[in-house]
Every structure is written in structure tokens, then in C-alpha cells.
Amino acid sequence: MATRWIIAGNNGQLGRALTRVLAGPGRKIVAAFDLPEVDIADPEAVAAVFADVGDPADFVVNAAAFTQVDRCETEREAAYRANAIGPKVLAEACVAAGSRLAHVSTDYVFRGDACEPYKEDDTPDPVSAYGATKREGESFVLAAAPDSLVVRTSWVFGEGRNFIGAIVGQGRARRDGSATGPLSVVDDQRGRPTYAEDLAGAIVGLLEQDCRGLYHVANAGVASWWDLARVTLDLAGFSDIEIDRARTADLDLPAPRPLWSVLDCSKVEARGVGLRNWQEAVRDYLESDLSPLAGQGVTQ
Ligand SMILES: NC(=O)c1ccc[n+]([C@@H]2O[C@H](COP(=O)([O-])OP(=O)(O)OC[C@H]3O[C@@H](n4cnc5c(N)ncnc54)[C@H](OP(=O)(O)O)[C@@H]3O)[C@@H](O)[C@H]2O)c1
């Protein structure tokens, strides 16, 4: 019999990827929701979703979050509601129904001043409102439903709005003459770009292996945003466009960024569901129907 799944946040990058991964045989999505229809922080709305599916779902994946890091600094209540209260409400609903929860968190729970990849048992010390609210969400989930899976990931790209799409847009603008000169991209933050499709596959794989607790899941290799922009422009046929190297401090952004955001993924690799190198994943993304280049082809 097929396993039964609920997806929270199904319109986001990860939610859409989960929808595709779970379309295969042996799995059935019994409910999927997002804002504005259902707010994960609204216990009554969440209870109604769980009631409507009849038999309890085997698995619930929370891909919903307030992910706009700078807005989280000024909209702290909304960030806390989506990133901390929402996961708690879902965890409590899962316990009541007997469903297993996978919750997704972030590299931003760490301070970002290390020089070795962060392991699952390293101490979180977030420097931004986004990171702090996501950390509270993790803690609430593991306190309410200790059997849950909590997956921390980083620098996600997939169907939807993301950094790669923005860089392709800047490349196009230089081609059509609406912008000129080199791009400027920060080169002093290091992390692991992660393809939502790969992440979704790993989350499903970990749940189906009955994994619980914290796991770091990101594509392999390390990049700066400059590296990711360079690979994107090269793959998109804009290799002649130059990119200046900027420093995070010079941007004066509302939210501080962790400069070192590299997650150690050896725990998930030991489970046999570790992810491939980020460059390969970026190429696949740009060649896919999900890409900001869809229909125009990758030129190299
Ligand atoms: N994106 C990244 O680079 C990144 C990095 C590390 C970790 N993560 C984590 O990975 C997960 C998936 O990220 P993503 O990139 O797929 O995010 P995303 O594209 O921003 O999608 C999140 C979805 O959740 C919805 N949402 C927000 N608040 C909600 C609420 N209270 N109730 C129901 N739905 C709500 C959003 O709706 P609206 O658009 O209407 O707000 C959006 O459709 C999140 O937990 C995120 O924190 C992401």
C-alpha cells in the first residue's frame, strides 16, 4: 500500500520539488497546502487539514517558512510565527495523529565564524532574526515530537525565485542593453548551494529509512556566491560577462550573514543519501524545465 504524505508549503521551491518526488509509485500526497489558504501557525486550520485526510498521513514534511532573511529583521513577529510557532503546531498535530514529521531548517542557525564544516552537534548561535526563529522552530519540533526528522540545508535553488534566477536576469539585461558593466557579487561568504530536487529526494529517503533527529543535507563541495554566479553565467552562455568580487560588509544589509555556512554532511552520506556536487546540480537545474533558461537551452 502507498505511504501517505502531507506537504506544508507546497508552493515554495522545496515544496514543489517534494510534489514531484512524491508523485512516484508507492507514495501518495493526501494533502498539500500553503499560504494564504492554510497558515501552519494556525492550530485550527492545521487540525482541519489533518482531519480532512481521513486515515492519518504516514509522513508530514514542513517546507513552509518565512525565508526572506532581511525582511525577518523588521517583521520579527511574522518570522517567529512562520519559523517557530508554525513548526510547533505541526509537530503537535503530528503527535496527535501518529504521523512522522520532517521539518526543514537552515545553516543560518550557526554563527558563521568557524573554519571547519558545521556538524549536527555543533552549538547553534544565530546572528540574524531568520536564524534565531528557525533555531526556535527546530527546538520546538524536537521537544514536541522527539521522533521527528530535522534537516538543515543551505543556499537552496529550484523552481521559483532564487539567486541563480537573479544572476541569469542580470546576464540577460547586459545582453539586451538594459544594464551595462560587470556584475558585483559577494565573494566572502562560503556555503553549499543545494538543489531543491536533490534535497527533496534525500528528505524522502531519510524518512523512508526511519531516520530521526538532526541531519545536515546539502550538495557537496563549497562555493562563494561569486563562484555560484560565475558557474551560472558560464553555463547560461554569458561567460564574457565579468563579475566584480564584493565584500558582505560593504553591502550594508539589514540582516548579518554568516560568512562560513558550510554544513558537514557526513551523517547523511553514511545513510547512502548524500548529495552530488553542487556544480553538477546547477547544470542539471539550468538544463531542466524548472530553469530560468527554460526553452532557451544551455549553451556550453
Ligand atoms: N531558500 C534557501 O536558500 C534556504 C536555505 C536554507 C534553508 N532553507 C529552508 O528550506 C525550507 C524550504 O525553503 P524554500 O526555499 O523552499 O522556501 P520558499 O521558496 O520561500 O517557500 C516557502 C513557502 O512557505 C510559505 N509559507 C510562509 N509562511 C507560511 C505559513 N505561516 N504557513 C504556510 N505556508 C507558509 C511561503 O508562502 P509565501 O511565499 O506566500 O510567503 C512559501 O510558499 C525552509 O524551511 C527554509 O527555511 C531555505
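Student: Which residues of S4 lie on one side, which on the other, and are they buried or exposed?

Tutor: Happy to take that one slowly. First, a word on the model: it is predicted, so local features need pLDDT of at least 70 and side-chain atom pairs count only at pLDDT 80 or more, while totals for chains, interfaces and linings use all residues. Residues are numbered from 1 along each chain as its sequence is written, and side-chain values use heavy atoms, with hydrogens and water left out.

Now to your strand. On one side of S4 sit Arg-100, Ala-102, Val-104 and Thr-106, and on the other Leu-101, His-103 and Ser-105; all of them are buried, and both faces are covered. Buried here means under 20% relative accessible area, exposed means over 50%, and partly exposed is in between (1.4 Å probe, protein chains only). Seven of the seven residues of S4 are buried, so the strand is largely enclosed by the rest of the structure. As for the labels, helices (H or I, at least four residues) and strands (E, at least two) are DSSP runs, numbered from the N terminus.

What lies beside S4? It belongs to an open sheet of six strands in the order S2-S1-S3-S4-S5-S10, with parallel pairing. Two strands count as paired if DSSP finds at least two bridges between them. The edge strands are S2 and S10, each of which pairs on one side only. From one strand to the next, the twist averages 20°. Angles like this run from 0 to 180 degrees between N-to-C directions, and the axes are lines fitted to C-alpha atoms, for helices over the stretch in contact. As a general point, strands of a sheet pair through backbone hydrogen bonds, either parallel or antiparallel.

Let's go through the two neighbours of S4 in turn. With S3, it pairs in the parallel sense over four bridges, and Phe-59 has Arg-100 in S4 as its bridge partner. With S5, S4 (residues 100–106) pairs in the parallel sense too, over five bridges. Two places to look for on that S5 side: His-103 has Val-150 as its bridge partner, and Val-104 stands opposite Val-151.

Helix H4 (residues 76–97) packs on it, touching strand S1 (3–8), S2, strand S3 (59–62) and S4, and its direction makes about 165° with that of S4. Contact means heavy atoms within 4.5 Å. Within H4 you can find Ala-97, which is partly exposed with a relative accessible area of 26%. Leaving out residues up to four places away in sequence, Ala-97 touches Phe-50 and Pro-56. The C-alpha atoms of Ala-97 and Phe-50 are separated by 7.6 Å, although the two residues are 47 residues apart along the chain. Another helix, H7, lies across S1, S2, S3, S4, S5 and S10, running at about 155° to S5.

Of the shell around the ligand, the largest share, three residues, comes from S4. There are 24 residues around the ligand, and Leu-14, Asp-34, Thr-67, Tyr-130 and Lys-134 come nearest; a residue is near a molecule or strand if one of its heavy atoms lies within 4 Å of it. A side-chain N or O atom of Thr-67 is 2.7 Å from an oxygen atom of the ligand. For Lys-134, a polar side-chain atom lies 2.7 Å from a ligand oxygen atom, and a polar backbone atom of Val-156 is 2.9 Å from an oxygen atom of the ligand. The elements that give two or more residues to this shell are helix H1 (13–21), S4 and helix H5 (129–144).

Key:
Polar contact = N/O pair within 3.5 Å; in protein donor to acceptor, adjacent residues only side chain to side chain.
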